[in-house]
Amino acid sequence: MDYAILLGDFERHQEVSGWPRQRVIHACLRNAILSGRLGAGTRLLSSRELAAELGAARNTVLYAYDQLMAEGLMEATRRGSVVARLGASANDNEAAPPPVSSLSRRTAALRSLPPAGIIATAFAPGVPALDEFPIQLWRRLIDRAWRRITPAELDYADPAGQPALRQALAEYLCASRGLRCEAGQVVITTSTQASLELCARALADAEQTAWIENPGYSGALAAFRAGQLRTVGINVDAEGLAPTARDWKRAPPRLIYTSPSHQYPTGGVLSLPRRIELLARTREAGALMIEDDYDSEFRHDGPPLPAMQGLEAHAPVIYLGTFSKSMFPGMRTGFMVVPAHLAAPLRAVLARMPNHGRVAEQEALAVFIREGHFMMHLRRMRHLYRERRDALLEAVGREIGSVCTVHGTSTGMHLALQFNDPSWNDAEISARALRHGISAAALSTHASGLRSQHWNGLVLGYSQVPANTVATSVRTLARAFDARNG
Ligand SMILES: Cc1ncc(COP(=O)(O)O)c(C=O)c1O
């Protein structure tokens, strides 16, 4: 019998359900028996063999087997444990497959993307210092918002988001990020991921071309693929997105995704001449640029760089922001700023799209921004992240500086290490580091095109790593560079 299907189920099941292992093993076997995948009389592996196959304790498997015996789905024979012969009534209903028995092809394809970072471990990227968030203050503002809410406000709200929040954001973005916009151009979403999906759906048709940085942000790739766009990876250099004349000619884009303030994952900052040229070419191509400004509030060496959106009066730019980095990811709030001429048509269809709601939270957030708490939190976090970045730079220089080059240190919450020896296998080093308890994503897993450009190295997030623990974690990471350390 092929246990590969069973193992696949087991791992997936455990990931999504969070159940204890014995329950997952029981559920997988039960499903396999009831669906007929494990036919009557099939001999199952002994509990010892299955435990070894799954990397589980023998008792865990025994528990699952006992349950199956108790349910009459399995029986003990001289040949060992076998699948019982079920009466017609046992699996009649379940034997018939449901009419839709698998995910759509475009959604199933998402699984091939790199796995999400392992949260709360040095050096998982993109996780803010969650223990520094002013929870009490936030709770008070949420309470206050709910106390003020009227029954009428419990009705369907503006699908573009609460006017107070859109106004507060427009003011903040113009003053602090150099945007040129009005509240009417702001659309509140549940995340950058949601904004990207909205862009893919509302601003491009299936099979149109979307450029994505290579290496680049897997969330953008996922959104574009789910929208059935044709994705084309465009190489980045030390400054970020660097399309060639051939790229413009061969694969004229409808959408261009870029993270100009701090390219994800390599950390490059797009220079002003490159920004101006990109905007001009985007306009010429009749395309739209999607500017993902996910962590630029944290500029460590100098004032924040203004966003591309504000470089010209009617820039062909959709600006995306998120509170996942500046506040906390569990809030699931992001926003987009669309060109003025697209604001009304988009707002007209937003009610038929899924990314809105949470009136009270949006009101509380508007107050958080208007009363200055947001700026104060950003200032504190900027200071903290700079201190953590400095500690990381020092430790990296000391422990591994001779074997890699550091990129993208001026902004944000992560930096990129590029190995000086291109033959090093970053995926293997990343896997070894994880076995030592360090999460350091391999740069090569962020490749977003067939034309893979050689960025081999690691992404190190530092925002959630206390400065006094950084040196120890980097020493542990350094050990993973040596294959002899398993
Ligand atoms: C490049 C980039 N953009 C945006 C986000 C945030 O996305 P969201 O608002 O969906 O949490 C992340 C988070 O890791 C990111 O790395």
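In this predicted model, Arg177 is a buried residue, with a relative accessible area of 2%, and its salt-bridge partner is Asp293, the closest N and O atoms of the two being 2.8 Å apart. Because Arg177 belongs to helix 8 (residues 163-177) while Asp293 sits in the loop between strand 8 (288-292) and strand 9 (317-322), the pair ties together parts that are 116 residues apart in sequence. Asp293 is likewise buried, since its relative accessible area is 3%, which falls under the 20% limit for that class.

| Pair | Closest N to O distance |
|---|---|
| Arg177 and Asp293 | 2.8 Å |
| Arg274 and Glu239 | 3.5 Å |

Arg274 is buried at a relative accessible area of 17%, whereas Glu239 counts as partly exposed at 29% relative accessibility.

Helix 12 also contains Arg283, whose partner Glu312 is found in the loop between strand 8 and strand 9, so that this pair ties together parts that are 29 residues apart in sequence. Arg283 counts as partly exposed at 45% relative accessibility, and Glu312 is partly exposed as well, with a relative accessible area of 24%.

Beyond these pairs, a network of salt bridges links Glu394, Arg398, Glu399 and Arg475.

Technical notes:
Residues are numbered from 1 along each chain as its sequence is written. This is a predicted model: local features need pLDDT of at least 70, side-chain atom pairs count only at pLDDT 80 or more; totals for chains, interfaces and linings use all residues. Side-chain values use heavy atoms; hydrogens and water are left out. A salt bridge is a side-chain nitrogen of Lys or Arg within 4 Å of a carboxyl oxygen of Asp or Glu. Helices (H or I, at least four residues) and strands (E, at least two) are DSSP runs, numbered from the N terminus. Buried means under 20% relative accessible area, exposed over 50%, partly exposed in between (1.4 Å probe, protein chains only).
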